[in-house]
Amino acid sequence: MADDERLARVTLSLIGEPGDAKLTSLVGRLGATRVLAGLRDQTDPELSADLGQRLAAARPEDELEHAARRGVRFVVPGDEEWPSGLDDLASGPTVDRRGGIPIGLWVRGPHRLNDLANRSVAIVGSRLGTTYGEAIASELGAGVAQAGHCVVSGGAIGIDYAAHRGALAVSGPTLAVLPCGLDQWYPKTHAPLFEKLASDWLVVSETPPGGVAYRTRFLSRNRLIAALTHGTVVVEAASKSGALSTANWAAGLGRPLMGVPGPVTSAVSEGVHEMIRFRNAALVTRSEEVLEMVGEAGQYALDFRRAQEDPRDRLSVDARQVLDAVPVQRAADATSIARVAGLRIPRVEELLEELHQAGFVVNREGRWHLDPG
Amino acid sequence: MWATTRTVSLQGAVGHVIDVQVDVSTGQAQTAMVGRPDTAITEARERCRAALDNSGFDWPVTKRITILLSPADVPKRGPHFDLSIAIGVIAAMDDQMPRAALAETALIGELTLDGRLRCVPGVLPMAMAAARHGVRSIFVPEPQVAEASLVKGLTVYGVRSLQQVVAIMKGEAIPDAPPVIPLTSAPLLSWVGEASRDQVDFADVMGMADARYSIEVAAVGGHHLHLTGPRGSGKTTLAERIAGILPDLDADERLELTAIHSLAGSLPGDGQIPSRPPFRAPHHSSSRTALLGGGSGRVRPGEVSKAHLGVLFLDEFPLFPRDVIEALREPLEGGLIVISRGEEDATFPARSMVVVASNPCPCGEFHPNLRDNKCRCQDVVRRNYRSKLSGPIIDRVDITRYVEPVRQHELTDVLEVPEPTAVLRERVLLARERQAERYRDHDWRLNAHVPGPALRELWPMVPEAMSALRTHVLKGRLTQRGGVRVHRVAWSVADLFGLERPDQDCLITALALREGAPLAGAVVRRRKAS
C-alpha cells in the first residue's frame, strides 16, 4: 500500500469511531485517500461536520512516531501480516452502525498478526462468571494453545482473563483485542496480563493510542474477535451478556459457534444454553472438541466415546438368551436351559458348546453353570 | 489434734476444691480414710507413711488417724492427694505449721517413698479451680510451675520434696533435694509438628481458587467444612494448611487448650505453652476413647478436645465407625463433650472447626467426568459408601466443596502467585475482629456459634436477603436449621468483605458454599481487594 494511502488510513483511524460502518464501507469502496479528501471537501457535510473537530486536531505522522516509540505498529489491509479472516467483514453484518473491514489495526507484540490469527479460536464469556466457568475457560485456553492454536479474547475480567491465563500457562499463543488504545490497559487491574501479552504475544486494537474504552467500542471490538478467529467458544454468558455479541458476530460471519454448558440452574449459563438451543451452537466440553470444530476436516477428529465394552455384547442374540438361562452355581442340563431360554434343544446344545469355548460357562458332568471368573 | 489442708479433684476439665481434714488422736492404732477416695488415694496412706518416715517426720503409728475428704459427694481420684494428706498429718501434730496459711493453699503432688514429689497430670485445671475458689497459693511439683503460673492471682511454689514444702510453710531454710522428673520428657509430637506445620503454606497450593476461598470463609466464622474429591486431588494438602490461617490463640484460649493438654498429660516438659491453634487428624481406626475421651481410671480428653480452638480433620470420613460419628454430634453442636461413667460426668471443651474429607467412592478414583474417571467400584458399593455421608455430622457441615485435581496448566500458571498463609491469616484475623466487636456483650466469639434466635433478632441480613432466605425455606429448598446455618455463613462472607451487614451477594455465596455449587468469580476476587 502506498505511503500516502497508509497515512490517510492512520488519519481516518484517528478521527473515526472504531468500526464505524459508514466509514469502513466508504474506505472499502474509494480508498482512504479519497475519503479523506472528501471529508476535507465536505462531500458529505454531515460526516464532515461530525468528524471536523477531530480532523483538525489529527497529527498522523506524530501519532505513528509516538506509537512506534511504544512498540505499537499500524497494520493495514494488504500488509503481509494482515489476517485474511478480517476481509470477510466486507460481506458481514452491520450491527448498530458498526461493521466492515477495519481501516487499520494498532498492533503491539513480537508476532505477526496473521501467523497467530490463521490458527485461532476465540474464547469469551461473562465478566460475572463462576469459578466453574473460569476453570473451564482456563482449561480450554490451555488445551487449545497447547495444540498451537491462538487463544483470542478480550482481556476482560472473568472468563476472558481465565482463557488467556490458561494459554499463557502452557506458553501457548494468545492475543487480546482491546477496546482502548494500546498506550493504556483496560481493565487496569489486568496490566500484568497485557504486559505479558505485549512482550510475548500480541495485543491488538482498532482504537488509536489515546482512545478510551467507551462502551460503544466493545461492540466493534467483539466483531474483530469473531472475525480474527476460526470459531468462537462462549463459556458462561447470561441472557443479555456482551459475550453473546461476539457470538452473534461469529454467527453472522458463518464461523463455528460453540458453547460450554453449565448447570441449568445457573443464570450465567442461560445465554449459552439459548445459543445451543436457538442458534445451533455446538456443545463443547473440552479442548479436543473445540479443536475438532475449528481444525481442518479430519485433523482433530475424535473417536466416538463408548461405554466400556462388555464381552457379552459380541455374542449373538440367541447366545445371550442362552447365557441368561444358565444358572450361576447349580448346574442344569441342556433340556432345562432350553426350556428357560425358550429355544430348541439342539440349538441350545450347540450354543452352550460355543459359550463353553468362549469361557462363559462351565460343563460339569454334562450339566452347565456360569463360569465364576 | 487436727488440721485441714486443701487440694483439688478433677472431673474432666472441671475442678473441685477438696478439704482434707486430718485428725490424730488416741485410740485404736489405725488409719481410716473417708469421703469416697479412689484406689490411688487409698494407697496414699502407704506412700505418705513411708514418705514421712523417710523425710525425718514421724508417722503417728500409735495413734488413731482419721482422714476426711470433703465435700463427701464429689468423687475423688488421683495420686496428687498425697501431698495434702502428708502435710495434713504433719500439721495435725505440729503447732508450728501455719493453719491460716494452709486454708488458703492448695497442695498438689504425688509422693515417692523417700518423700520426693512426682508430677501429676492436670495441674493447670486444678490451679484454675483453686484460684476460682479463693485459694491464694499453690504448691506443685517443680517442673509444673510454668503450667500453674498461667493462672492469674496465684502464688505458685515449685517444690521437689515434702521437706521443702514444710520448710517453706514454716519460713525455714529450704533443704536441697534432687530435681523432679517432668511428666513427659519428650515434647508432644504435634508441637514438634508445629514447626513442620509452619513449613506448609498456602503459597504452595496452585489453583483451587474455589476451595481456598471456601476455607477462608470457614476459618472466619469457625464453620465446619466438607471436602470431597478423588484421591490425590489435594484434600489433605488443603486441610493441613487450615490451622495456619487461624489467628494466634489469646491468653484465655491458651489457658483452655493448655488445661486440656495438662489433663491429657501431654504438655511438653519444657513448660512451653501452645500459642497456635491445634491441628489434629485422628485416623479412622482410632478407638472411640482416643477420639472422644474417656479411658479406665482417670478420664482423659480425646482428640476432639485436643483439637479445641483449632482444626479437627477427619480424613476418609465414611470409614469412621457409625457410633463414633453419632457421638461427635454433641461436641459439634455444643462445643463440649461430656463423658459419663458411673456416677461421674467428665466435661471437656471441644470446640473446633471440623474438616471432613471424603472420596467419591471406596477406591477414590471416581470422577463425574467420563474422561477422568478411573473408578472400578460397582454402583451399589459407591452408593453405600456415599450413604454414610448423611447423618448428624454432615447435617452440621455448612460448607461443602468438590476438590478437583489440579490440572497441569494450573501448575505452570504465570499470571498469579498463590497467596501465602500469612496473607490469608491477616484477613481472617480482621474478619474475626469484626465478630469480636459485634459479639462483645455475648458468650460466643464466632459466627458459627451464634444461636439462631439471636441471629434473626439482632443481626439480620439486608431485608431483601432475609426475604430471599425465607423463600428458600418456604419452598423447602432449605430446612429451618439449614436457613440459620446459611445465615451464619452469610455473616462470615460479609465479615470477609468488611460489610456492615450481609447483602444479597453474601446470601447467594453462602447458599452456593452450602450446596457445593460454583461461586461467582467476582466474589472470590472481591476479598482480595478488600
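**The chain A–chain B interface and selected local features**

Chain B puts 17 residues into the contact and chain A puts in 23, contact here meaning heavy atoms within 4.5 Å. The model is a predicted one, in which local features need pLDDT of at least 70 and side-chain atom pairs count only at pLDDT 80 or more, while totals for chains, interfaces and linings use all residues. Residues are numbered from 1 along each chain as its sequence is written, chains are lettered from A and ligands numbered from 1 in the order in which they are written, and side-chain values use heavy atoms, with hydrogens and water left out.

The size of an interface is often quoted as the accessible area lost when the parts come together. Between chain B and chain A the buried area comes to about 1700 Å², with carbon and sulfur atoms giving 58% of it; this is the accessible area (1.4 Å probe) that two parts lose on being put together, summed over both. Three salt bridges turn up across the interface of chain B and chain A, a salt bridge being a side-chain nitrogen of Lys or Arg within 4 Å of a carboxyl oxygen of Asp or Glu. Arg407(B) and Glu139(A) form a salt bridge, with their closest N and O atoms 3.1 Å apart. Eight residue pairs, both members at pLDDT 80 or more, are in polar contact across the interface of chain B and chain A. Such a contact is a pair of N or O atoms within 3.5 Å; within protein, one must be able to donate a hydrogen and the other to accept it, and residues adjacent in sequence count only if both atoms are side-chain atoms. On the side of chain B that touches chain A, the largest share, four residues, comes from helix α23 (residues 521-529) of chain B. Helices (H or I, at least four residues) and strands (E, at least two) are DSSP runs, numbered from the N terminus. That side of chain B splits into eight nonpolar, three polar and six charged residues, where Ala, Val, Leu, Ile, Met, Phe, Trp, Tyr, Cys and Pro count as nonpolar, Asp, Glu, Lys and Arg as charged, and the others, Gly among them, as polar.

Within chain A, helix α7 (residues 131-146) packs against helix α8 (residues 159-169) at an angle of about 35°, their axes being 7 Å apart. Axes are lines fitted to C-alpha atoms, for helices over the stretch in contact, and angles run from 0 to 180 degrees between N-to-C directions. The α7(A)/α8(A) crossing is right-handed: a crossing is left-handed if the near helix is turned anticlockwise from the far one by less than a right angle, and right-handed if clockwise. Residues making this contact include Gly133(A), Ala137(A) and Gly141(A) of α7(A) and Ala163(A) and Gly166(A) of α8(A). The contact of α7(A) with α8(A) holds seven nonpolar, four polar and two charged residues.

In chain B, helix α8 (residues 209-221) and helix α18 (residues 421-438) pack at about 35°, with axes 8 Å apart, and α8(B) crosses α18(B) in a right-handed way. Among the residues that meet there are Arg212(B) and Glu216(B) in α8(B) and Arg427(B) and Arg432(B) in α18(B).

A few backbone details stand out. The Tyr186(A)–Pro187(A) peptide bond is cis, with omega near -5°, and Pro187(A) sits in the loop between β5 (174-178) and α9 (191-200) of chain A. Ser70(B) and Pro71(B) are also joined by a cis peptide bond, with omega about 5°.
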